[in-house]
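Good morning, and thank you for joining this meeting.

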Amino acid sequence: MGDTPTDHKARTVLAGAIGNVLEWYDFALFAYFAPVIGERFFPSTNPIASLLDTFGVFALGFLMRPIGGILFGHIGDRIGRKKALEWSVLLMAVPTTCIGLLPTFAEIGILAPILLTLIRILQGISVGGEYIGSISFLGEHAPAGRRGYVASWAGFGGGFGNLMGSAVAALTTGLLAGPTLDSWGWRVPFLCGIFVGLVGLWLRLGIAESPRFEQAAESGDVAKAPFFEVFRDERRALAQTVGLSLMLSVGFYLPWVWLPTWLATINRPPLPEALTVNTIAMTVMVLMLPLGGWLSDRVGRKPVILAGCAGFVLFSYPLFLLLSRGTFAAALQAQLVFAVLAMLATGPASATYVELFPTRTRTTGIGCAYNCTQAVVGGTAPLLATWLIGATGVPLAPAFYLMLAAALGGFTALTIVDRYREPLR
C-alpha cells in the first residue's frame, strides 16, 4: 500500500521541520556543555577565560548566519527548496557529530580549537539556511487557508530541538559521574546528532519539491541573481522582515535565553529553580506555536502579531516586577504569560515572511533580512540586557528594551499588506 494523502502531508511537514530540531538540539548541547568544552579545547588556569573562549566560538556561529542565508537562499531560489534543505541538514548533522569525535587540546594541541572553530563556522552557515528554507518550503506546500498553521511547525521544530538538547544533556549529566562525563560522556549527545540528521535527510529525499518553485521553474521564472534582484525590487519587504525579526529576536533571546540567568544570579532574591521554570514555560510556548499559526489563518496575520506586540509593550514591565519577587510561583506565572505573548507574535511570523516575497527571491530575501537581524540583535540581546542593568543600576531595565523591540515590531506589522487569504506570488 502506498502513502495516503494525509501520510504524505504529515511527512512533508515533518521533513520541513526536522532540520530546525537538529539546529536547536546542537544549540542547547553546546551551551550546556560549554564548561566541559572550554576545559578540553581552551585549557587555561582561569576557568572564566576558557568559558569566554568557548562562548566566543559559539557566538561565531551567529555571525556566519547571514552568509548561510545568502548561500542557501541562492540555492533555494536557483536550484530548488528541496535541494537546499537536503544540503543544509547534512551541513548541520556532520559537524555536530564531528564535535563528538574531535580530539582535545591535550591530544593534538592548537589544532583542536582551530578545528572546533571551523566546525562552528560550518554550523553557523547551515543554521542560516535551515529556517529560511524550511518556512519557504512549508509555506509553499500549504494552501492559503492553512499556510500559517503549516509554516508554524518550523518554529515548533526549533523549540522542540532546544528542549530535546536540554533534556539529553541533563540526562547525560545525571547518569554519568563527573570524571566519566568529563572524559567521554559529554561526547555522546553530540554523536547522537547523526541519527537526527540521517532521519532528516531520509525524510527530505522522499518528498516532492515545492509546487510554487516547480511552477516557476517550468515557466522559466527563476531568478538568475536572486541576491541582487531582491535588493533591487524588494527593499520594502526586506525592511519589514527586519522589523518583525528584531521583535522576535529580542522576544526570544531575552525571555528564554537570558532571563534564567537574571533570575538565578542577578535578581534578589535569586531563584535556584530558574531553569526548571524556564523549561516548563518554554514547553508550553512551543506546544502553542501551531495555535498561533492556526489563529492567523482565521483572522489574519496582522491582528495576531499586533496582539502579541501590544502584550509585550503593556505587560513586560509588570511581568518583570512579578519575576523580581524571586519565588517559583511568581516566576512561573510571569513566564507562562510570556509564553502566550510569544505564541501570538511568533506563531504567524513564518507565514508572514513567506507572503512578503515573490517566489523568485523568497528564500534569499528572508535569508538576508532575517539572519542579519538574528546575528546583530539576537546574538547581542543577552549582552545588551546585562549592560543596561550595569549602566542604569536598574535591575528591571531590560524590560524597556523588550518593550521598545515590541513597539517597533508592532509598527512594522501595521505597514504589512495581509495576504493570508491570497495565493503566493
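Let me begin with the term cavity: on a 1 Å grid over the protein atoms alone, it is a set of points where a 1.4 Å probe fits but cannot get out. Grid points are joined across faces, edges and corners, and a volume is the space filled by probe spheres set on the points.

The model before you is predicted, so local features need pLDDT of at least 70 and side-chain atom pairs count only at pLDDT 80 or more, while totals for chains, interfaces and linings use all residues. Residues are numbered from 1 along each chain as its sequence is written, and side-chain values use heavy atoms, with hydrogens and water left out.

There are 2 cavities of 30 Å³ or more in the structure. Helices here are DSSP runs of H or I, at least four residues, numbered from the N terminus. Among those giving two or more residues to this lining are H1 (5-32), H8 (147-175) and H14 (235-266); H14 gives the most, with 7 residues.

Turning to the second largest cavity, about 160 Å³ of space lies within. It is lined by 14 residues, and Phe-27, Phe-62, Arg-65, Arg-120 and Val-127 are the closest to its centre. H1, helix H3 (47-63) and helix H7 (111-141) each supply at least two residues of that lining.

Key: 1 Å grid on protein atoms, 1.4 Å probe; cavity = no way out; pocket = protein on both sides within 12 Å on 5 of 7 lines; lining within 4 Å.
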